[in-house]
Amino acid sequence: MSFLSVRDLVVHFKTVDGVVKATEGLSYELERGKTLGIVGESGSGKSVSSSAILGLHRGTNAQVSGEIFLDGVDLLKINDESIRRKRGREMAMIFQDPLSAMHPYYTVGNQIAEAYRIHNDVTKKQARARTIEMLDRVGIPQPDRRVDDYPHQFSGGMRQRAMIAMALINDPGLVIADEPTTALDVTVQAQILDLLQDLQREFNSAIIIITHDLGVVAEMADDVLVMYAGRAVEYGPCKEILVHPEMPYTWGLLSSVPDVVGDTDAKLIPIRGNPPSLLSPPPGCPFNPRCDHRDKVPGDLCRTTLPELTPARAGGNHVKRCHLANPDEVYATEVLPEIAPDMIEEQA
Amino acid sequence: MFAYTIRRLFVGVIMLVAMSMVTFVLFFASPVDPAQFACGKNCSIEQRAQVRKGLGYDKPVYEQWKNFAVGVFKGRDYPEDKSLRKAAPQLVSHCGAPCLGYSRVNIANVTDEFKDRIPVSFSLAMVAFVMWIAGGVALGAIAALTKGSIIDRGLVGISLVFYAFPTFFVGLFLLKFLAIKWGLFPVPNYTKIGDGGVWTWFINLLLPGLTLALFYMAGYVRMTRAFVLESMSEDYLRTAQAKGAAPKRILFKHTMRAALTPLVTMAGLDLAGLLGGAVITESVFNYNGLGKLAVDSIQTFDLPTIVGLVLLLGAFVIIANIVVDVLYAFIDPRVRVG
């Protein structure tokens, strides 16, 4: 079994308006030392499914079912105390906005040391020493001085580094980074991603990076999971997905990425429409109202039947959820010429 | 921080000076003749004129204020008018610095009037404060943590009821039933610690303290509940959870600490206001505190006492504001200056 094995994860929220189906039948695998990039729009279920791994939905109005095996243990079956002990030690999470993720009244050092002291029986002094060590490791200058600073005295990039230090202080096997660079500017973003990759090499951790930025995915991920309306719509090795995508939503995502050095003839094509309501998702394929290629599928299949995850043309681990019979042709002839004509010329 | 405090104190003093001036002006702006009150019911015109002269009310307002201000530092002699003093030296009374005035109505220096009454109001305020803080914060936190449950709704509902009851009603009810009719408590009569020991002092403060506390507690239950709920929706709680912190740790170290700040501000200001006396409660239980003094002195147009009270209560509020602001900086590092 893989280090992390998610099988048929379902997360529903019972609300006054009905049941919000945030995640439906999600499955993926992840080994130590590898990175999984989860991509999708806001509301696609990326964060919800990852929070479920940490058990952060316990005690809320969420209904979670399925199996999440971390190092052989099903996290959904163990009791609250057991999962609490794993949080911060075997698995950790880095959140999007480091300023609001830290308590404003306590020093950065205090909060990082807290993560260490919760899981290790050490003295305050030892925890402080370890905290300074970690701050140094994540690249914070003068860590022995900055350990006593408050979060508002750090810059955005440094705060995120501190959060990474907090997450990795107990050498967790699984690190979930929920949009870690969204709140940062681009240069800092690159530094943070580099840092994560360094730390992954050092600690051999499995990293799940949740993002809506395909650039981040291209940089870091070994495997990519594309989510839409709470479901996996494409999953496979990163290179495969980026070069031979086989699902119209993925095409749409790739079309929406502006390229600074790209061909000026390349078009930026947004995906029309809005993400569907998770209270009452459309029947059939959840993407069908926004899909430009619906008519290529005979009958009314897209509107009536939910496609299953089927292997892509190249096979292997690459799967996609789409009714199109020849997605690779459609992609090569219709989509690619619009968004990256220079790539066609290269291939020709 | 130090410079900040000094600056605030300086501004505070200026405010007190302004307040005293306004009080003088307002006092004499009323259509009622203060000398008439000081003189008494059967007062002839000559006596009234004499009283007016003796109290200095015949002088212009600004001069009266000036005498008052000087008197605060140097002390004063009464009667005001120098010629009267020379005429009857045995009737001259001296008011040592700081002299806040001499009350003809109560035949005492204002500072002496305060001396006996301050401990009463202070004790009442303190006892009520401890009760309402302990009760209000604890119950408010419980309501927030059990949000939506019957406990929560019950607490909120009961708070509303007690908040709506006027203090005289609650006070009279407690006095009539708990003390007199059912004899659960002794009829409250303020006893100094020196006279009867701490327990007697406390027991006599229990009912009036409770009267005040119930009202304030109602407000604090609601406010604490709101602050704790707001604190619970903060992102850093999720981080604490993700770190594997135990629920109790998250509650006290993270949630409550954040909810504390606005509470400290509120509590400080409420207490300061109460130190100046609780008018209605003191009247109901017949406690000679500053509140009762305020009502009496206004009804009898006792200018010196009124001015003295305005300054004293003003000083309490000003100092409380400064203290609360400084305290806030200790709790919330983002607010610190420098």
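**A residue at the contact between two chains**

Tutor: Leaving aside its neighbours within four places in sequence, A:Gln111 is in contact (heavy atoms within 4.5 Å) with A:Met102, A:His103, A:Tyr106, A:Pro151, A:Met166 and B:Lys243. This is a predicted model, in which local features need pLDDT of at least 70 and side-chain atom pairs count only at pLDDT 80 or more, while totals for chains, interfaces and linings use all residues. Residues are numbered from 1 along each chain as its sequence is written, chains are lettered from A and ligands numbered from 1 in the order in which they are written, and side-chain values use heavy atoms, with hydrogens and water left out.

A:Gln111 lies in helix α4 of chain A, where helices (H or I, at least four residues) and strands (E, at least two) are DSSP runs numbered from the N terminus. A:Gln111 counts as buried because its relative accessibility is 3%; buried means under 20% relative accessible area, exposed over 50%, and partly exposed in between, with a 1.4 Å probe and protein chains only.

B:Lys243, one of the residues that A:Gln111 touches, also forms a salt bridge with A:Glu114 through their side chains, at 2.9 Å from N to O. A salt bridge is a side-chain nitrogen of Lys or Arg within 4 Å of a carboxyl oxygen of Asp or Glu, and the count between chain A and chain B is 3 salt bridges. On the side of chain A that touches chain B, the elements that give two or more residues are α3 (98–101), α4 (108–119) and α7 (156–168) of chain A. The largest share, 6 residues, comes from α4(A). The residues on this side of chain A divide into 14 nonpolar, 7 polar and 3 charged; here Ala, Val, Leu, Ile, Met, Phe, Trp, Tyr, Cys and Pro count as nonpolar, Asp, Glu, Lys and Arg as charged, and the others, Gly among them, as polar.

Taken as a whole, the contact draws 24 residues from chain A and 22 residues from chain B. The two chains, A and B, bury about 2,300 Å² between them, with 56% of it on carbon and sulfur atoms; buried area is the accessible area (1.4 Å probe) that two parts lose on being put together, summed over both.
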